[in-house]
Amino acid sequence: MKRDESPGSARPLTAPRLPAGPLREFKSHLYRLYVEAGAPSLDQIVRAIAEDDTFKASPSRDTVNQLLGRGRRGTDRVKLAGKLDAEALAIWLARTAGRMDVEEVAERTRRLWSEAKSSPVPALRTAEQYGAAALGVHAALTVGDWDNEQLTPYLDREHDRLLRERLWRAATGRKSALVLLVGQSSTGKTRAAYEAVCHDLSDWPVMVPAGQAELIEWVATDSIDVRTVLWLDEAQRYLLGPLGEACADALAALLDQVAPVVAVGSMWPEYARGLAPRSSPEHDEHIQARGLLERYRAEVHVPDQLGGDLAAVRKLAASDARLAAAVAAAQGTAGCEGRVIQQLTGGPELVRRYWSGPGNYFSQIEHALITVTVDAQRLGYPGPVPVALLAEAVEGYLPATARVTVDAAWFEDAVQALSRQAGGTLSALVPERIEHGLGAPDAYRSEDYLDQSVRTARAHLAPPEQFWQAAADHAHSAEALQALGSAAYERRRYQCAAQLYRRAIDLGGSAARQALTLLLAEVADQVGAESAADTDPDAWYALGSVREEEGDMDGACRTFMKSAEQGSTWGWVALARLREQDGDHAGADQAAEQCAQAGSAQAWLTLARLRERLKESEPARSAYQQAVSAGEASAWLGLGKLSERAGDDAEAVSAYHRAADAGVTSAWTRLVYLHWAAKDEKNAVLAAEQAAAKGQAEPWTVLGRLREQQDQLDGAAEAFAAAAAAGATNAWSHLARLREVTGTHTDAEQAAREAARAGDAEAWGLLAHLRVEAGAWTQAEAAAAEAARLGNTDPWAGLARSLEAAGDATGADRAAERAAASGDPDVWAALARIRERAGDQEAAARAAARALEVGGIGAWTALGRVREGREDIEAAEQAYDLAAQTGDTEAWVGLGRIYESAGRWPDAEAAYRTGVDAGDTDAWEGLLRVLERTSRTSDFGQFGLDTEGRFAEKL
């Protein structure tokens, strides 16, 4: 998100490229519809859906934001309502674009839940019964005779208080909660979670899923009961990777349907940034996870230094020699006096030993094994890396002289040396077991503090050929192969990607089949693409979409027909749409009828909407009636709207009531709008009351907005109160806003507190925004602090911008620092850009440096873009250079662009190549552009790059 944009400005959302899982086609297709619809704003979507008559639900802005990128409100949404909201959103986008592709998504989601096999509930233990070590708390290094299994003394800090407050609210308010402790490695995240659960949820059982598949299965089989803690240490293992979106969806469903449940986990800032809202619509792989974290305001920031708590820690150290040794080690490192926890677990020492190079603390083989393990994990390998993969891949990380060994046990000796656990010895690799049952380690993961350092330094490097081959030979699951295949594709190693996808298909990875199909189509191997699609209807449908986008309508129709023949109703929908657009109305009707016979009325709805847009009322009415006959109750909304347009309000009311009686919740909203437009407030109120009796609160909220627009403020407040009583959590925000603008500030704050109790973090944010606009800085800061406690740091950003604009740089710095303390480093980055635009380059650089210190890795790249836009090329190059040095791979494209504009072709090629190796898709286009300019040919790039970075001649 660009935090220096004005509040309320429309920003396009980000594009999904989802990994394996039941939501892949749904989210991918949903985003395609969003783009085809012209990337409309959230307000436009919400308003249009509320006024449209063909939808089963009328999702709020927050719900749309969650589904497309930034969910904000509500933890009490029921399962059915959530699904209907998603369907309504997809249908509107599809209709706006001339396509409708949502019903199959609902079907596939239901199929995922129904097909999941039951899993026995594991033996349940509390956090204390598990023990800190079993839950991932790092052991302190042994000092003297101290028992290493005994925890060091614990000091509560600000993040502990925020965490416990959320757990307490969940336990006492019967609301489920998701809390992620975000901080650098070895800063005490997992220990904080352990202490909080032991303190506030001491009698709740803790369930620790082994991986994504198990978490999904637990939710699908109703294996997680109320008053349970779901332990998600290193939560990126669940929310990212091949099944990350499916995991996020399962977690969202769990938190919606089972209350109270608490999901608590930890995550590094680099992963959290990957799940933060973005301003660009491209390359968004994590829509569902992003919406989930934003919806629950899940992040609690854990600082990487003790800061003001250092004195208290020194007092505790008097009673624990391990803590005393850590304090002394931190104090002996300039600028790192507050990094005591890292020293406690030995992380900095491991990093120092690694970067001292091979042949010092680690042998060449040991050093290479660390590197290959980190590479596998940074490229998306889900879970620990199998020993066979490590043993084969390590060859590519060693010089020829180091590959000479007469010891057949070289691998066992190396991993044993790297993973010693006894006596507090530093361990670079952590042994784990993938296979069931007891036995020797069969996989390893790197120690996370070391991993974080190495992956940052190697972020711009592609692994060698031996890595890709070892991955294809020894990756343990289809999900792992799919993840590494995606990483290879992003780095334009098409040959490697195809090999990995084929291996994933051999292991039953259906998502890999679609990926391989699209890859073969991209390299113009149409025969191979069709062969890869085989009998997979989703792969055929994806191929059809590609051909349609390329203008091959005959090929698209033929391919969509194959999708339909393989069981996809969306194949029939696409055929009906294409035939209708081609003027073949009889053929379109025939496809729609075949779709209905296959169990879906979606094609009839598509035709109805297309004909309605062309003002063909009777053909549209006929199609809606066919949809009703096929069992699609939402088609009554279409019939009602046609009647409204024809001036037949009585017939429209009848149709809307038919829809409402069939469970189409947005019909009540349409009735409110219709009666209000007819100046029949009595029946508008009656419709809202009837909806509330059926558990639908949105019509009261709509009525409140309509009254407010007519300056009926008392009536609006009554309607919002009725909406809140009916369960609409966002109604409290409306009440808070209404009371604030009418000057009843105390009542506004009371409404904001009620909103917070209902799980809505937006009310305090609204108050902060209104008070900033009024220049009430002190009151705005207080409201921003309350919002931040609920996980909403946006008000700090608005406050910082406004104070900066008012000339109060000190106040802006203070707001940025408060945002950083709440886990949001981007406010500093925004101030850097604002100050750069104002011409204060020195202050901009200081702000960017501070953003980097508090975790904002993208600050220098963003500043470089501003400087580039201001044509200060030398300063832009400096900013991009600094960004690249800190591990921000996006900086390489910026450098390539600068070099290209200056005609520095070798430098541009090198920068773009580095960006390609880092997986930046924009770098590929830049590289091809530069080479076409310098080589006077465009005959390259079709088959990507080989493992050495040369252009491949075949796939």
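Predicted model: local features only at pLDDT ≥ 70, side-chain atom pairs only at ≥ 80, totals over all residues.
In which helix do E842 and R846 both lie, and how many residues apart are they? They sit in helix α46 (residues 841–853), four residues apart, which is about one turn of the helix.

The chain has a mean pLDDT of 85, with 86% of its residues at 70 or more. Residues 69–81 fall below 50, though this stretch still has 55 contacts in the model beyond near neighbours in sequence. Residues 279–283 also stay under 50.

Back to the charged pairs: the structure holds 47 salt bridges. Another one joins E195 to R191, at 2.8 Å from N to O. These two are four residues apart in helix α8 (residues 189–200), so about one helical turn separates them. Here E195 counts as buried, at 18% relative accessibility, and R191 is buried too, at 12%.

E749 and R771 make a salt bridge as well, with their closest N and O atoms 3.1 Å apart. E749 belongs to helix α40 (residues 745–757) and R771 to helix α41 (residues 762–773), so this pair ties together parts that are 22 residues apart in sequence. E749 is partly exposed at 25%, while R771 is buried at 4%.

Now for the strands. Five of them form an open, parallel sheet in the order β2-β3-β4-β1-β5. β2 (206–207) and β5 (299–301) each have a single partner strand, so one side of each has no neighbour in the sheet. Two bridges join β2 to β3 (residues 228–232), and M207 stands opposite L230 in β3.

Terms used
Residues numbered from 1 in each chain as written. Heavy atoms only, no water. pLDDT = per-residue confidence, 0-100. Contact = heavy atoms within 4.5 Å. Pairing = 2+ DSSP bridges. Salt bridge = Lys/Arg side-chain N within 4 Å of Asp/Glu carboxyl O. Buried < 20%, exposed > 50% of the residue type's maximum accessible area, 1.4 Å probe, protein only.
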